[in-house]
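Student: I would like to learn how to read salt bridges in a model. Could you take me through some cases?

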Amino acid sequence: MSSASNGHMTDRVDVALADVALGGAVKFTTDRLRGRKAEASEALGDWQEWREAGRSIRAHTVANLDYYVDQFTTNATAAGSTVHFASDGVEAVAAIRQIVREKAAKLVIKSKSMVTEEIHLNAAFEADGLECVETDLGEYILQLAKEPPSHIIVPCIHKRRSEIAALFSAEAGREIAQDTVSLTAFARQKLRETFIAADIGITGCNFALADTGSIVLFSNEGNGRMTTTLPKTHVVVMGMERLLPTFEDLDIFAKLLPRSATGQKITSYMTVLTGPRRDCEVDGPDDVHIVILDNGRSNQLGDPEFQEILNCIRCGACLNVCPVYRHVGGHAYGNVYPGPIGAVLAPLLRPDDPAAAELPYASSLCGACAEACPVKIPLHDMLVRLRARNVARGNGKPEEQIAFTGFAKLFGSASLYGPMMQLARLGQKLTVGNGRRPQWFMNLFGPAGAWAKGRDLPTSQGASFRERWAKRGGHRNGK
Amino acid sequence: MASKAEFLANITRRLGRSGPASVPNRGSINAGPAEHDMSAGDLAARFAEEAERVGSKVVMCDSLDAVHDALTAIIGTLPPDRVASCSPSVLDGWGLDRVDGSIEWLTAASEAFRERMPASEVGVTGADVAIADTGTLVLTADADRPRSLSLLPRVHVALIREEQIVAHMAEAIQRVRVNGSLPSAVQFMTGPSRSADIENDLSIGVHGPAEVHILVLRS
């Protein structure tokens, strides 16, 4: 879909790291989001207990997903919605194309939705020559720039004001000033015309309620409300795991999701939609179509190592705390979902994609993601298991195999360990220059060169503890 | 295209069950901690504080006349030849025809509503419930109360009675449920429309209302 998804992650990382302004913008935004999250969760009180409540509801829902998908479908249908089932992205796109044809739609509007990015819906519309306009301010900017989102919640985290003004000016055919008020005013006026003219509104959904057949959208700008109020047809693309058992359960997620995503107590709008407009109502869509998408999700069910990934509520908190994401931004992942959640989801949803298999290595395994997760998904454990799975499939490097076999031998044997450490110290004296290692020597590192390039080991300080202990007479003199 | 039966059977199989699931037992769900007790405090004052924190403007009114005065003041800030939209029940229930003679009231019952409504400067609504904890208005849709009233005009004015304010969202959800089924749309609205998509700089009124005024009639 994007140019960013071509090539290797290491190449994309080099591009991202060279972009100083991008690094500043990503760091500033993620700092701000996680600072606000900390404040908002502190202010709520009992954050760990709310997390546990959220986790238990999600785990229960996923463990009984067949029941809840069935119940949701029955209630949504009773409310007048039409429900479609798609095993993969191709089927989902086909179902939506069919609706577009039936309605003879000329203009489609969308409100921000990661799942429609996942199925590459915009590319399909483009191929059909159908006009499709993104209405979230950030997504609208990216659509004009022809770029994919770089953050789940703040999609254009990487765009600068001057670039946005240039894009808007080109669209308007006149100069649009760079201040926020002018830029927003242009987008409001331009998109307002689009909302009124649109034939179909497409949204994702943050949650779906099984007991009422409703879908729930959180938004701040109000474009989600516009998209579900003005066009005659509303199409919802819904990951099959988005369910909550009851309307009452939404209360806890209305606490967890906005606080985790943006540090807000609640978003400006939380919209609960149940079926199309009733006969007597003057606005709202005449038809609601809900496309329930599997696309690899069901493969995680029943897998004790990965089923919990379906608990995810797509808040983006794991991105904001991830040291890797914070350095390289979203595009370096070359995947629809970046950050730790993307590094776990991509290889699970696309097990045969070699580009997805390298993403679990984009982590320092520090565990900050799991700690930030409002539903307690052990993301770092999953990243380790995915690396193991990748190696078990024969995708490990032979050098790594040799290195770790040697490592195990060495650290498993005291008689080998002592002499080898002495030898290593001698070697280190020759090679570690506190940052002044000659390039010819770096080249000898081979595959470890990339690792060694950015790191300096301090020169070792004389004898080791074991040696000094032995010198003192070992345990015989110990107290 | 997958059929519903295939789609569900696949989930059942993956979950390691032999047949369709029976009604799940919610025993494994933790209820979550108790909410802060607000029963001792002034809910209306708490509501006003929270609503203003997110950018709504709240006026406490001791009488219907005071509500009319506050509404007149808000309308006075709008450009001339203004049109205000509201639902018929709000027009009657709050005696709005007695407010400022220069304004034209366009109600959801009128023929021209759908066409002219998007151009109106202000939308006046009631609310089903208001939540003190978050400063949130809860509006449901029906024939009398279109969704767009609180969405398309640049200014949204909500008229509520003090007894409509509850402490927490859980109570609001209880009040909204009608015989188990829900209205076509339930909007939880907290402050004006906002975005931080341009270099994290807060902008107000991106797509929805830029101004939200809440007039609370005290009991």
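Student: With which residue does A:Asp353 form a salt bridge?

Tutor: A salt bridge is a side-chain nitrogen of Lys or Arg within 4 Å of a carboxyl oxygen of Asp or Glu. Here A:Asp353 pairs with A:Arg350, and their closest N and O atoms are 3.0 Å apart. This is a predicted model, where local features need pLDDT of at least 70 and side-chain atom pairs count only at pLDDT 80 or more, while totals for chains, interfaces and linings use all residues. Residues are numbered from 1 along each chain as its sequence is written, chains are lettered from A in the order in which they are written, and side-chain values use heavy atoms, leaving out hydrogens and water.

Student: Is A:Arg161 buried or exposed?

Tutor: Buried means under 20% relative accessible area, exposed over 50%, and partly exposed in between (1.4 Å probe, protein chains only). A:Arg161 is buried, at 18%. Its salt-bridge partner B:Asp201, with closest N and O atoms 3.7 Å apart, is partly exposed at 33%.

Student: What about a pair within one helix?

Tutor: Helices are DSSP runs (H or I, at least four residues), numbered from the N terminus. In helix H2 (residues 20-44) of chain A, A:Lys27 and A:Asp31 lie 4 residues apart, about one turn. They form a salt bridge with closest N and O atoms 3.1 Å apart. A:Lys27 is partly exposed at 44%, as is A:Asp31 at 29%.

Notes
Helices (H or I, at least four residues) and strands (E, at least two) are DSSP runs, numbered from the N terminus.
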